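Reader: Please show me the model. Then let us go through the strands, helices and cores in turn.

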Amino acid sequence: MNKTITPVLLGADLNCYNVARAFHMQYGVKSYAFGRYAISATKYSRIINFRSIPDIDKDEVMLDTLHRFADAHIGDKLVLIGCTDDYAAMIIRNREELSDYVIPYPNEDILNTVSRKAEFYETCDKFGIPYPATVVLTEKATADSLTEDKLGFTYPIIVKPSSSVEYWKHPFDGMNKVYFAKSPEEAEKIVGEIYDSGYNEKMILQELIAGGDSQMRVFTTFSDCHGKVRAMCLGHTMLEEHTPKGLGNHAAIVTEPVSSLPVAEKIKEMLEAMGYTGFANFDIKLREGTEDDFRVFEINLRQGRSNFYLTSAGLNVARLATEVFESEGEDCERVEKSVFWHHIPKKVAYTYTEDAELVKTAKKLAKEGFEYSSVWYKPDLMFNPMRFICVAEQLRRQNKKFKIYYPKKTNGSAK
C-alpha cells in the first residue's frame, strides 16, 4: 500500500491488544492507543504506543485528541478502532467530525436502534431470526406483575439492561453485566436497583436457555462501506469468564465452519438489508439437548473482545478494516478452518470446559499446531522482561479466578 498504515485504538484492554497484534502481524506496524488508564492487557507492550488520558471517554476530549493526532500524521492511512461498547459508540456518534480516519463501524441510525437489545429483537422478528422468549420493561415493576404466568416463561430468568452503553454510565454497588433472578421478588429488586442508579432505558427479562458455556457460539461478520457482508467467522465457546463484571466474556474458543450455524445466512440477509457497515459481533446459544435450536442474544456494533479468534483462523481483523472496508466486491469469506484460541492458560480451559468432546478437539488442534494465545506473542515478549512478567502474572491469576468464580454445575449462560 502507498500510504503508511497507522492504527489508532481507543481502549487498553484485551480487545485493544488483540487488534494491535493483528496490525503488527499483518503490516509490521505499532498501534497508537488512548485510554483512561493503563491496564495489564496492554502494559509494557512494544507493539502499542499507549497514552493515558483520564477524560478520553468524553466526546470533546476524544475529538480534540484525535484531531491533534491526525494533524501530526497527515498523509497516513489512519484506521480508528473502538475497543469497548462506549468507545465504539463515541466514534459512531462523531464519525462526521472524524473524516481523517477509516471507521469500520455502522452509522448512528443503527447505533440508536439495534444496539439496544429490545430494538434488536424487533429487527430479528422481521428476518425470522430466533431469540429467547423476552419481556421488555420500561420502568420498575412489582413482583406480582413478574410472575411466570405474566412473563410466559419459568424462573430462574435473565435480567439485563437493553442498552449496555447507557447502563455502564451509572455504576452502583453490586453491579453485574448480567443478572439471574430466581423469583419474581428477586427480579423486582434487580430491576429496581438498576433504575434507581439513574439508568432510564428499557430492561430485558428473558428465559434462561439451558446449557453451560460450551453451548455458546460467537459469530462475527464484517461488512464493507457499501453494506455488503464480506467475511464471517464462527466460534464455539469452550469457556467464559465468571467474574461478576466479566461474566460472558470469552476465555477459550474453537472455531467451526460457518456452514454449521443455521442462522448465519439469515443474519447476513438482515445486515445487508439494514445497510450495515463494519464489524458486527453476535452472541448465540444452542439450547441444550437440541442440534439446531440456536437463539441469538444480542449484536455488538464492533469487533468482540475475543477478536483474535478471527485472526488466528486466517481472517485478520486489521486486513478487514484496512483493505476490505473501502473495497468493492460481492465475495464473502466464510471461515471453515478450525483453530483453538484462548487468553487463559490452556490447562484452565481443559479443566473447566464441561464438553469433553470439545476438549478433545482443542487438544488435537494444539498438538497439530493450531493453538493461539492472545497475549503470548513472541515478538512482544523477546528481550522484553517487564512484558513477559506481566503476561505470566495475568495467566497465573486466571487459575485463582476460575477456582473462586466458576460454578461447580452450570444451569445456564447469558449475555
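Author: Start with strand β1 (residues 5-10): six of its six residues are buried, so β1 is largely enclosed by the rest of the structure. Buried means under 20% relative accessible area, exposed over 50%, partly exposed in between (1.4 Å probe, protein chains only). Strands (E, at least two residues) and helices (H or I, at least four) are DSSP runs, numbered from the N terminus. This is a predicted model: local features need pLDDT of at least 70, side-chain atom pairs count only at pLDDT 80 or more, and totals for chains, interfaces and linings use all residues. Residues are numbered from 1 along each chain as its sequence is written, and side-chain values use heavy atoms, with hydrogens and water left out.

Reader: Which residues point each way from β1?

Author: In a regular strand the side chains alternate between the two faces of the sheet. In β1, all are buried: Thr6, Val8 and Leu10 point one way, and the other way point Ile5, Pro7 and Leu9.

Reader: How many bridges join β1 to β4?

Author: Two strands pair if DSSP finds at least two bridges between them. Pro7 stands opposite Val79 in β4. β1 and β4 (residues 77-82) run parallel, and the bridges that join them number six.

Reader: In what order do the five strands form the open sheet?

Author: β3 (48-52) and β5 (101-102) each have a single partner strand and stand at the edges, so one side of each is left without a neighbour in the sheet. β1 is also joined to β2 (residues 31-35), in parallel, by three bridges. The pairing in the sheet is parallel, and the order is β3-β2-β1-β4-β5.

Reader: At what angle do α1 and α11 pack?

Author: Axes are lines fitted to C-alpha atoms, for helices over the stretch in contact, and angles run from 0 to 180 degrees between N-to-C directions. The axes of α1 (residues 14-27) and α11 (residues 317-324) are 7 Å apart. Residues of α1, including Phe23, meet residues of α11, including Thr322, where contact means heavy atoms within 4.5 Å. The packing angle is about 70 degrees.

Reader: Which residues touch the most other members of the largest nonpolar core?

Author: A nonpolar core is a set of buried Ala, Val, Leu, Ile, Met, Phe, Trp, Tyr and Cys residues joined through side-chain atoms within 4.5 Å. The largest has 89 residues; those touching the most other members are Tyr101, Phe219 and Phe282.

Reader: Which element gives the most to this core?

Author: The contribution is six residues, and the element is α1.
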